[in-house]
Amino acid sequence: MAAHLAGCSPEDIASLAASKFRCVSLDKVKKKDMRGREPDARLLSLTQKAKLGEVDAFISHSWDDEPESKWKSLRAWRNDFKRKTGREPLVWIDKYCVDQKDIHSALSLLPVYITGCQEHVVLYGRTYLNRLWCVVELAVFARTLEIRRQSFKVLASDISKVDICRGVESFDCRGAKCWNVHDTSRLLRGLEAHMGGLEAVNQSVRRMLLCDESFCSVSGA
């Protein structure tokens with residue numbers, strides 16, 4: 001999938017991803033910086049080079065979802081991680097780890113970055129499944145599970161499991177969009193060609209999001 005998005009060979013993609021993969025310690029991620037989608041090049045300086053497979057979590061979210069709810073979910077996951085490990089988690093999160101000077105390349109490498117993290121954490125909100133990049137992330141993660149085991153967590157603070165189920169049961173990836181129409185067409189072609197077809201993607205997403213073991217409702221984190 002990454003090779004399709006970048007338009008180069010799998011070997012070149014693997015080498016490029018290894019050289020550009022970065023992470024950020026979650027104590028450096030601030031609420032004010034996560035409120036808006038506007039790029040902020042200075043945030044990249046807070047990150048560090050990382051090795052594929054050694055980052056604790058890939059944080060997946062929709063920029064259209066309510067910032068306060070997402071922050072509450074992220075903080076709850078961080079607190080749980082620190083309670084279990086006694087340290088700050090290292091995460092990949094787009095606002096910090098995407099090089100704003102080379103956004104196209106960075107986004108094309110997302111499938112490799114997902115496999116380079118030990119856990120996939122979804123900050124679920126009401127627009128999550130409307131964003132095609134979020135769907136691509138879920139589809140890639142589902143395919144990764146066929147190769148090696150990774151943890152998966154869905155956190156939601158402003159939407160119930162019942163409401164999530166209603167939305168997931170009627171989900172169709174063909175209804176998800178990117179801000180750029182060209183990107184929408186490109187991603188759907190990639191899912192069709194490299195993820196077993198669009199209906200297979202729909203089934204994977206439904207199966208993952210309907211799994212009770214992965215869901216965590218966040219209250220007063």
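Visitor: Hi! What kind of model is this?

Guide: It is a predicted model, where local features need pLDDT of at least 70, side-chain atom pairs count only at pLDDT 80 or more, and totals for chains, interfaces and linings use all residues. Residues are numbered from 1 along each chain as its sequence is written, and side-chain values use heavy atoms, with hydrogens and water left out.

Visitor: Thanks. What volume does the largest pocket have?

Guide: About 640 Å³. A pocket here is an open set of points on a 1 Å grid over the protein atoms alone, where a 1.4 Å probe fits, with protein on both sides within 12 Å along at least five of seven lines. The volume is the space filled by probe spheres set on the points, which are joined across faces, edges and corners.

Visitor: And which residues lie nearest its centre?

Guide: W63, D94, L107, W133 and W179, out of 24 lining residues, where lining means having an atom within 4 Å of a point. Helix 4 (94-97), helix 5 (103-108) and helix 7 (132-144) each give two or more residues to that lining. Helix 7 gives the most, with four residues. Helices are DSSP runs of H or I with at least four residues, strands are E runs of at least two, and both are numbered from the N terminus.

Visitor: What about the second largest pocket, how is it lined?

Guide: By 18 residues, with A142, L145, F152, R207 and M208 nearest its centre. Helix 7, strand 6 (151-156) and helix 10 (198-209) each supply two or more of the lining residues. The volume of this second largest pocket is about 430 Å³.

Visitor: Switching topic: how many residues has the largest nonpolar core?

Guide: 71, and V29, W92 and L129 are among those with the most contacts inside it. Such a core is a set of buried Ala, Val, Leu, Ile, Met, Phe, Trp, Tyr and Cys residues joined through side-chain atoms within 4.5 Å, and buried means under 20% relative accessible area with a 1.4 Å probe, protein chains only. Helix 7 brings the largest share of this core, 10 residues.

Visitor: Which residues in helix 8 are buried?

Guide: In helix 8 (residues 161-169), those are K161, I164, C165 and V168. Seen down the helix axis, they fall within an arc of 100 degrees, so they line one face of helix 8. That arc is taken from the directions from the axis to the C-beta atoms.

Visitor: What covers them?

Guide: The cover includes strand 6, helix 10 and strand 7 (215-217).

Terms used:
Buried means under 20% relative accessible area, exposed over 50%, partly exposed in between (1.4 Å probe, protein chains only). Contact means heavy atoms within 4.5 Å.
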